[in-house]
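Me: Could you walk me through this one with a few questions and answers?

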Amino acid sequence: MPLQFNDASVTVAIVGCGGFIGSHLLDAVLCRTKWRVFGVDVDFYRIQHRLNDERCEFLNADLADADVVERIAKYPVVVNLAAICIPSRYMAEAPTVIRSNYDHPAALAEACARSGAWLIHFSTSEVYGRTPADSAELEEDASELVFGPVSSSRWSYATAKLLTERFIAGLDGLRWTVVRPFNFVGPYMDFMPGVDGEGIPRVLANFSTALVRGEPLKLVNGGKACRTFTSVFDAVDFVFALLSSGDKGLSQAFNVGNPQNEVSIAELADRMRRIYARLKGLPLESLPEPEVVDGEAFYGRGYDDSLRRLPSVKKAENLLGFRAQVPLDVVLEESLNWFIGHYSYAAD
Ligand code: NAD
Ligand code: UGA
């Protein structure tokens with residue numbers, strides 16, 4: 001029986017509700033439905049405007065806590081977004097990254113199997129591994145999943161995510177759906193280093209930071225790797241398509257991506273420089289030229305990369321009628337506009 005958006009008796013648990021995707025999903029659930037939300041996170045700065053909402057109960061707690069896991073699994077629908085998912089941490093903090101992306105979600109999956117909750121678990125497009133530059137479209141149930149050697153600790157995150165997928169798929173009685181996001185981008189993504197976070201954020205936030213600070217954009221290994229960037233608003237629409245699909249999404253893994261938005265990182269840098277110059281009314285030539293940097297020098301020993309990640313999106317389209325819509329330049333402009341406004345006080 002599909003969930004009804006106007007059914008005020010439904011409560012959805014969102015774990016990681018204070019994160020980039022979680023904050024957008026929380027807003028959408030509260031705006032588009034009459035549901036209640038049980039939100040769990042260890043960080044609430046993105047959702048200050050929701051903390052007193054009478055339809056929400058928030059718990060500032062760690063998913064590593066077994067009691068917290070049991071509380072979450074009591075709800076009929078559990079969306080799990082909690083994870084360490086910043087590549088700059090995959091090398092130096094591999095054991096912590098693996099616990100975050102395997103131990104904690106596996107315990108939650110077991111609790112959901114016991115309670116009968118529908119677990120919608122966010123995995124990653126990185127489960128496709130070390131894909132080469134000539135990689136074909138990646139299909140959920142057919143593509144090979146190939147990782148680099150253990151010394152390439154970059155794959156700590158992806159191997160943990162993949163093990164969680166296998167664990168979930170093998171658990172007796174669990175009602176599950178796995179989501180494999182392909183580089184979601186949008187307002188509120190990550191942080192500005194030195195202001196509200198430390199280290200290297202994902203590429204959108206890192207390039208935005210460099211633009212706002214007047215520094216060169218860094219092209220890792222020449223910026224030849226390609227990604228298909230997907231608007232976080234499309235991502236939220238996917239979750240709604242899934243939630244309203246009855247049983248069609250059960251026991252399935254879905255790519256969620258926008259193949260129309262494929263670019264190399266060098267091209268992404270070029271587009272972001274042009275959009276930034278236009279938004280600020282600056283001549284393009286006044287912005288510093290991008291700089292090429294070595295991957296291990298930039299991220300640390302053990303860094304490795306996927307050279308192309310192009311999703312097949314047929315499954316989401318056929319089973320759920322979902323297709324991502326937002327063009328790359330639209331989401332880049334929206335994100336840069338937000339970034340400039342949000343961090344203008346901290347530009348220097
Ligand atoms: P994010 O870092 O912005 O959000 C994750 C949230 O989870 C944060 O608010 C964090 O505080 C919280 N969290 C982490 N560990 C926790 C714990 N132990 N207990 C409680 N809360 C915890 O990340 P995001 O971009 O919103 O990603 C959400 C999920 O989607 C992650 O599982 C990530 O691996 C997956 N994903 C995201 C993308 C993307 O493009 N954004 C791509 C692939 C996969
Ligand atoms: C990310 C993260 O692993 C996860 O958030 C997520 O699970 C995954 O994407 C996904 O979407 O499935 P990655 O795509 O490598 O992995 O993320 P970024 O850090 O945004 O890097 C994208 C590309 O830009 C990489 O080739 C990286 O080397 C490059 N890059 C990054 C630069 O050239 N310069 C930078 O300043 C930052």
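Reply: Happy to. Two strands pair if DSSP finds at least two bridges between them, and strands (E, at least two residues) and helices (H or I, at least four) are DSSP runs numbered from the N terminus. This is a predicted model, where local features need pLDDT of at least 70, side-chain atom pairs count only at pLDDT 80 or more, and totals for chains, interfaces and linings use all residues. Residues are numbered from 1 along each chain as its sequence is written, and side-chain values use heavy atoms, leaving out hydrogens and water.

Me: In which sense do β1 and β4 pair?

Reply: Strand β1 covers residues 11-15, and its V15 has N80 of β4 as bridge partner. Four bridges link β1 and β4, and the sense is parallel.

Me: Are V77 and V78 of β4 buried or exposed?

Reply: In a regular strand the side chains alternate between the two faces of the sheet. In β4 (residues 77-80), V77 and V79 lie on one side, V78 and N80 on the other. With buried meaning under 20% relative accessible area (1.4 Å probe, protein chains only), all four are buried.

Me: Which residue of β5 is the bridge partner of V79?

Reply: β4 and β5 (residues 118-122) run parallel, joined by four bridges. The partner of V79 is I120.

Me: How far is the side chain of K161 from an oxygen atom of ligand 1?

Reply: Helix α4 (156-170) supplies at least two residues of the shell around ligand 1. Between an N or O atom in the K161 side chain and a ligand oxygen, the distance is 2.9 Å.

Methods
Chains are lettered from A and ligands numbered from 1 in the order in which they are written. Buried means under 20% relative accessible area, exposed over 50%, partly exposed in between (1.4 Å probe, protein chains only). A polar contact is a pair of N or O atoms within 3.5 Å; within protein, one must be able to donate a hydrogen and the other to accept it, and residues adjacent in sequence count only if both atoms are side-chain atoms.
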